[in-house]
Amino acid sequence: MAAVSAAVALAITGCSSGGDDDGGSNASGGDKACDLIIGFVGPQTGDNAALGINISNGAQLAVDQYNEKNADCKVTLKKFDSEGKPEKASTVVPEVVQDEKIIGVVGPAFSGETKATGPTFEEAGLPIISASATNPALSENGWKIFHRVLGSDNAQGPQAAKYIKDDLKASKVYVVDDASEYGKGLADIVKKDLGSAVVKSQTIQDGQTDFSAVVTDIRSSGATAVYFGGYYDEAGLLRKQLSQAGGQSITMIAGDGVKDVKFIDGAGAAAAEGTIVTCPCLPPEKAPGTFFDDYKKAFSADPSTYSAEAFDAATVFLDGIADGKKTRAEMLEFVNSYDKQGITKQVKFDDKGEVADKGVWAYKFEGGKIVALKEIK
């Protein structure tokens, strides 16, 4: 990976804010920064593209609404497709940091790609706000540029285990992970919190399609529930093959990487029915104001997993641009001191880039849709 210079200064001419409080006024009385770019890093193609598109659409909506109110001083969202793979992200992120007009990044979307590219962002002094990367270790690297606008798996894992024990009353759980930074990390936390309720565990691989051996092992274990740590592509096929082998009554529970209707494509409608997923994300229909309707109008689809969180992440950068922040160093300082109510939560970061509000919700696949059940308390 080529070395990049740290904290590239941006000599961008500002333009008058016009004092428009609704749509990015400059609270400090300076000039808004113009012709700047917010980057997005995450999958736009590949097996798990739907999760990345949910996120980039949420960020795009925030940028589009900002531009409607600031037509003389627009911001661009530039998307970089990582395919959700650390190795691909590592090839595109150098291009991101070398574009001096990119003043902040929404993403990366997945934990593995964030781990792989964090040092590059750190060296460039380019602030990042992920709307979806949940591995707890990401905030322990000492990166000054790292932020996330949701709780980590240190919140999601224990709450998932609590739901399995208290709501599903499952006393025999088989745990499967996909060996990814995210999937294995989350599954390990769930296993720890389930304790003796875990009858056995197994690791599968990204791209695996034949789960016959795992299915046989699950059925012979006597498990009444399967917890899956990973993404919807493999989860759907596992759910389908488990049901086909006579394991229809075994409940599947999974993390936020499975919270997409694409899971139904892999599992089939009948097998997917009743699957539980957890997510440290607000049900988008519960976001205040017109977000849900605005998103649906813009993209001809309902907002889904992390769309609203991405809207909040992009808004932080947009507020900084409206406040006249023209360099990455200025934007990083602005993000670190940010404290404002977003549509999903009060957005304020601690010195590790974590937010205080770490609520976790349980959802259920029901009738071809993802239905919010409850916030797990």
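This is a predicted model: local features need pLDDT of at least 70, side-chain atom pairs count only at pLDDT 80 or more; totals for chains, interfaces and linings use all residues.
Let me begin with aspartate 319, whose place is in helix H11, residues 307-322, where helices (H or I, at least four residues) and strands (E, at least two) are DSSP runs numbered from the N terminus. Residues are numbered from 1 along each chain as its sequence is written, and side-chain values use heavy atoms, with hydrogens and water left out.

Aspartate 319 counts as buried because its relative accessibility is 16%, the cut-offs being under 20% relative accessible area for buried, over 50% for exposed and partly exposed in between, with a 1.4 Å probe and protein chains only. Its side chain and that of lysine 340 are joined by a polar contact of 3.1 Å; such a contact is a pair of N or O atoms within 3.5 Å, where, within protein, one must be able to donate a hydrogen and the other to accept it, and residues adjacent in sequence count only if both atoms are side-chain atoms. Leaving aside neighbours within four places in sequence, aspartate 319 is in contact with Phe334, Tyr338 and Lys340, contact meaning heavy atoms within 4.5 Å.

Two further buried residues belong to loops. Threonine 275 is in the loop between helix H9 (269-272) and strand S12 (276-279), and it counts as buried because its relative accessibility is 1%. A polar atom of the threonine 275 side chain lies 3.0 Å from the backbone oxygen of alanine 272, and, not counting residues up to four places away in sequence, threonine 275 touches Arg239, Met252, Phe263, Tyr363, Lys364 and Phe365. Valine 355, in the loop between strand S14 (346-348) and strand S15 (361-366), is likewise counted as buried, at 1% relative accessibility. Valine 355 and serine 152 are 203 residues apart in sequence, yet 9.4 Å apart in space, C-alpha to C-alpha.

Now to the sheet. Five strands form an open sheet in the order S4-S3-S5-S6-S7, with parallel pairing, two strands being paired if DSSP finds at least two bridges between them. The edge strands, S4 (76-81) and S7 (146-148), each pair on one side only, and the twist averages 25 degrees from one strand to the next. Strands S5 (residues 102-106) and S6 (residues 128-130) pair over two bridges, and valine 106 stands opposite isoleucine 129 in S6. Helix H3 (residues 111-124) lies across S3 (37-42), S5, S6 and S7, running at about 145 degrees to S3; axes are lines fitted to C-alpha atoms, for helices over the stretch in contact, and angles run from 0 to 180 degrees between N-to-C directions.

On a 1 Å grid over the protein atoms alone, a cavity is a set of points where a 1.4 Å probe fits but cannot get out, a pocket is an open set with protein on both sides within 12 Å along at least five of seven lines, and lining residues have an atom within 4 Å of a point. The structure holds one cavity of 30 Å³ or more. The largest cavity is lined by 14 residues, of which Phe110, Ser132, Tyr231, Asp256 and Tyr306 lie nearest its centre. The second largest pocket has 23 lining residues, with Val261, Asp302, Pro303, Ser304 and Ile370 nearest its centre.

Notes
Grid points are joined across faces, edges and corners, and a volume is the space filled by probe spheres set on the points.
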